[in-house]
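Colleague: I would like to go through this structure with you. Could you show it to me before I start asking?

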Amino acid sequence: MATKVNGDGKKPPSVATNLIAGGGAGMMEALVCHPLDTIKVRMQLSRRARQPGAPKRGFIKTGAEIVKRETPLGLYKGLGAVLTGIVPKMAIRFTSFEAYKQMLADGNGVVTGKATFLAGLAAGVTEAVAVVTPMEVVKIRLQAQHHSMADPLDVPKYRNAAHACYTVVKEEGFSALYRGVSLTALRQGSNQAVNFTAYTYFKEALRRYQPQYEGGNLPSWQTTLIGLVSGAMGPLSNAPIDTIKTRLQKATAEEGVSALQRITKIAAEMFKQEGFHAFYKGITPRIMRVAPGQAVTFTVYEFLKDKLEKSGPSIITGNKYEE
C-alpha cells in the first residue's frame, strides 16, 4: 500500500480544518460512546476473581448495576473531562498525523504502508503526552466513584472534572496528572498506528474497486464501515496495556516507588489474584466503544472536512485536499 501525500497537488487539511472537523467528530463520538467507556473502566477496576462455576459478570450486568445504584447519569461520569480535552486531542491527532506523513514520504511524495503505520504511531504518542494522559487521569477518578448522582446527600470526593483536576494536583502534585503516561502513549500509539493504517488501506482498496469515487469522498456508509473495522483492531492488540493503565491512574502515588515498579506490581498482583483473563477485563465494552467511536469519528471528520474545504477562504484557507 502506497499513497501520495498531496494527491492531485492538493494541500493537507489546515490546522483550522483539523480543529473544527476533528473537534466536532470527537464530541459526537464522546456523547454517543461514553457510557460504554464507563462500564469498561468499572470492569477493569473490579478486583473480584470469578469463582469456578460462578456466572460471568459481563458488561450488560455491570452497566445495569451502575444504572440501578447510581441512576443512568452514572454512565456519564467523567464526560466533562472527555469533552474538555476532545477538541485539542482530535486536532492534534489529525494534524500531527498529516505532518508525520509528509516527513516520512519519499522524494516523490509517496507514503508507504510502513510510513503510514509510523505516522499513526507518532500521532498517537503525541496526543497521549499532550492531552490524553491528564484527561484520562481525571476521567478515571470520576468514573471510579460509586456515588448516586440523584442523591444530593451522597457527596463524592470529586464533584466534576475541574474539581477533580484541582484536587489531584493539590493532594498528589502536578505529576499525578501524568501517571501512566508511558502506558497511555503505548496504547494510543499502537491504537492510531493500527487504526490509520487499516483505515487508509481499506479506503484505498474501496477506491480501486469504485473508480467513480477516485479523487472524492466515499459514501458515508462505507466510511462508517471501514472506520468500525479499523477501530476494533487497536483494542484487541493492546487490551492488557489499557487495563494496567486504568488501575495505575486510579491509584494514588506511593512514595519512593517508581512508575515501572508500580506497573510491575499491578501486573503481578492481577495475574496472581485474578488470573490471566483479568488483563482483558472490559474488552467487550472497549471494543463496543472504540470501534463505533472510530466509525463516528472518521465519518463526521470526513463530512465536516469536506464541507469546510468547500466553504472557501473566509472560513479556513480555501485549500482542498483528499488523501
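Modeller: What follows is a set of questions and answers on a predicted model.

Colleague: How many cavities of 30 Å³ or more does a search of the whole structure find, and what is the volume of the largest cavity?

Modeller: The search covers the whole structure and finds two cavities of that size. The volume of the largest cavity is about 300 Å³.

Colleague: Which residues are the closest to the centre of the largest cavity?

Modeller: The lining of the largest cavity has 24 residues. Helix 1 (15–45), helix 3 (79–104), helix 4 (113–143), helix 6 (181–209), helix 7 (220–250) and helix 9 (283–310) each give two or more residues to that lining. The closest to the centre are Lys-89, Arg-187, Gln-188, Arg-289 and Val-290.

Colleague: Is the pair of Phe-94 and Phe-298 stacked or edge-to-face?

Modeller: Phe-94 is in helix 3 and Phe-298 in helix 9, 204 residues apart. Their ring centres are 6.3 Å apart, and their planes meet at 80 degrees. Planes over 60 degrees apart count as edge-to-face, so the pair of Phe-94 and Phe-298 is edge-to-face.

Colleague: Is Phe-298 buried or exposed?

Modeller: Buried means under 20% relative accessible area. Phe-298 has a relative accessible area of 3%, so Phe-298 is buried.

Colleague: Is the aromatic pair of Tyr-199 and Phe-298 stacked or edge-to-face?

Modeller: Tyr-199 lies in helix 6 and Phe-298 in helix 9, so this pair ties together parts 99 residues apart in sequence. The distance is 3.7 Å centre to centre, with 5 degrees between the planes. Planes under 30 degrees apart count as stacked, so the pair of Tyr-199 and Phe-298 is stacked.

Colleague: Which residues form one aromatic cluster with Phe-94 and Phe-298?

Modeller: The structure holds ten aromatic pairs. Phe-94 and Phe-298 belong to one aromatic cluster, and the other members are Phe-97, Phe-196, Tyr-199 and Tyr-301.

Colleague: How many disulfides does a search of the whole structure find?

Modeller: A disulfide is a covalent bond between the sulfur atoms of two cysteines. Cys-33 is buried, with a relative accessible area of 2%, whereas Cys-165 is partly exposed at 29%. The number of disulfides found is zero.

Terms used. Residues numbered from 1 in each chain as written. Predicted model: local features only at pLDDT ≥ 70, side-chain atom pairs only at ≥ 80, totals over all residues. Heavy atoms only, no water. 1 Å grid on protein atoms, 1.4 Å probe; cavity = no way out; pocket = protein on both sides within 12 Å on 5 of 7 lines; lining within 4 Å. Points joined across faces, edges and corners; volume = space filled by probe spheres on them. Helix = DSSP H or I, 4+ residues; strand = E, 2+ residues; numbered from the N terminus. Phe/Tyr/Trp six-rings, centres within 6.5 Å; stacked < 30°, edge-to-face > 60°. Buried < 20%, exposed > 50% of the residue type's maximum accessible area, 1.4 Å probe, protein only. Disulfide = S-S within 2.5 Å.
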